[in-house]
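Subject: Structure for you to look at

Dear colleague,

I am passing on the structure we spoke about, and below it I have set out what was found in it. Please read the notes with the model open beside you.

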Amino acid sequence: MAERRTRSIRGRITLVSTAIVAVTLIVGALVFVLVLRGVLLDEVGTAVERDLEQIETDLDSGTGVAGLDAEDDDMLFQITDASGALVAGSDALDGRLLSVPDGGDAQIIRVPGEDTDYLVLADDQNDTTIVAGRSVENTDEAVAAVSVLLAGAVPLLTGIVALLTWIVVGRALAPVERMRREVDAVTATNLDRRIADPGRADEIGRLAHTMNGMLDRIERSQHAQRQFVSDASHELRSPLASLRQYAEVAQAHPDRVTLDDLSEAVLDEVDRLERLVAGMLLLARVTESSITSSGTDVDLDDLMLAEARRLRDTMALSIDSTGVGPARVRGDQNLLGQVVRNLVDNAAQHASERVSLALSVVDGQAVLVVEDDGHGVPPGERDRVFERFVRLDESRARASGGTGLGLAIVRESMQAHGGTVRVVDSALGGARFEVRLPASAD
């Protein structure tokens, strides 16, 4: 396994930002030096052009080169005749001839025997060739001085940027590190702890809000799991206690409990245990996130009509299925079949004489309705009735073999399929359970 990098985000941001600033400053400094040198050379070139014009004016007036100082070391001039012989020249040349192409651009040359560079320009006038030039020593010194200053300023500015970036990023990430420590301190025994709200509406504040929301969901999930385990233990204890009681009575008083009585009692409790375990396993399966993504198209009308036939064959109730129309949804056929069966069985257990089934498609949703003419569900219990192991009529639920998981399976199955379920008053006088699911496109 490759070794994980331990460099912090703070260090990486500082390094990257410092590198960007350093490259930008270096490039900017180089460009500035080049531009400065170009500007200064343009100024020298302008002065050379003025000198050349002055010499031409003086020659035209017959006054020689009276307008220029031949002893000035910062400038030079040279006048040659048609044969190339030197007619006049500045002291800097000391009688030496410069070879400068006529009509070309200004160029930098070094006078033989000197260590100073000159920017020179040549021009022909009548039979003479005039060369004028200016020293670029001051320009080179100015550029060198600026280069030294920039060479010192760039590292200094880079260091300042690195320091400021380190401080600013450190302050920006300090709440993140604090939140990390707070989350790290959260364990299964103190899920009620929350991250302190930084009181900001930026990314840090939203991160704290999101993490607190995550902790809320984890706490609710753990509470639900513990409650489920507690309820399941309680539900399992009852049939086990009954089995133990029958066994102890049969052992202590074999004359009071026959073998048939004991067998019937054991089979009833085992059947109850089997239904309870099957319900819990089904609830665990319902929580899988792949139900709808891996599901198939299911005809809800076929499931409802099959349940209607089953009730007519097994119960002396009036079953009205005339309101069942065609409706197709996408999901797990077994789970949806269990949902329909649980709703139908719940209605049959509480109905006095009549159960009504209906199915239709409204606004792109399949609406499944199961009604009975029983006592209904009180308004204050309509949310609680979908919780696990809740029985509003304890005696009748146990007598009918209910586990208290049927409606919980319905609600969680609907959530897994992207649907909803609710209970309201029925026109028949009892309860009306209404399920809505996204209908499949034809």
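I begin with strands β11 and β12 (residues 431–438), which pair in the antiparallel sense over six bridges; two strands are said to pair if DSSP finds at least two bridges between them. Helices (H or I, at least four residues) and strands (E, at least two) are DSSP runs, numbered from the N terminus. Please bear in mind that this is a predicted model, in which local features need pLDDT of at least 70 and side-chain atom pairs count only at pLDDT 80 or more, while totals for chains, interfaces and linings use all residues. Residues are numbered from 1 along each chain as its sequence is written, and side-chain values use heavy atoms, with hydrogens and water left out.

Within that pair of strands, Thr 420 has Arg 436 of β12 as its bridge partner. Both strands belong to an open sheet of five strands with mixed pairing, in the order β7-β9-β10-β12-β11, and its edge strands, each pairing on one side only, are β7 (318–324) and β11 (420–425). From one strand to the next the twist averages 15 degrees.

Helix α5 (residues 300–314) packs on this sheet, where it touches β7, β9, β10 and β12 (contact means heavy atoms within 4.5 Å), and its direction makes about 165 degrees with that of β7; axes are lines fitted to C-alpha atoms, for helices over the stretch in contact, and angles run from 0 to 180 degrees between N-to-C directions. Helix α8 (residues 406–416) lies across β11 and β12 and runs at about 130 degrees to β11.

In the loop between β9 (354–362) and β10 (365–372) you will find Asp 363, which has a positive phi of about 55 degrees although it is not a glycine. Asp 363 counts as exposed, at 77% relative accessibility (buried means under 20% relative accessible area, exposed over 50%, partly exposed in between, with a 1.4 Å probe and protein chains only).

Turning to the helices, α1 (residues 9–61) and α2 pack at an angle of about 160 degrees with their axes 9 Å apart, and they are therefore roughly antiparallel to each other (under 35 degrees counts as roughly parallel, over 145 as roughly antiparallel, 65 to 115 as roughly perpendicular and the rest as oblique). Leu 163 lies in α2 (residues 137–184) and is exposed, with a relative accessible area of 51%. The C-alpha atoms of Leu 163 and Thr 14 are separated by 8.2 Å, although the two residues are 149 apart along the chain.
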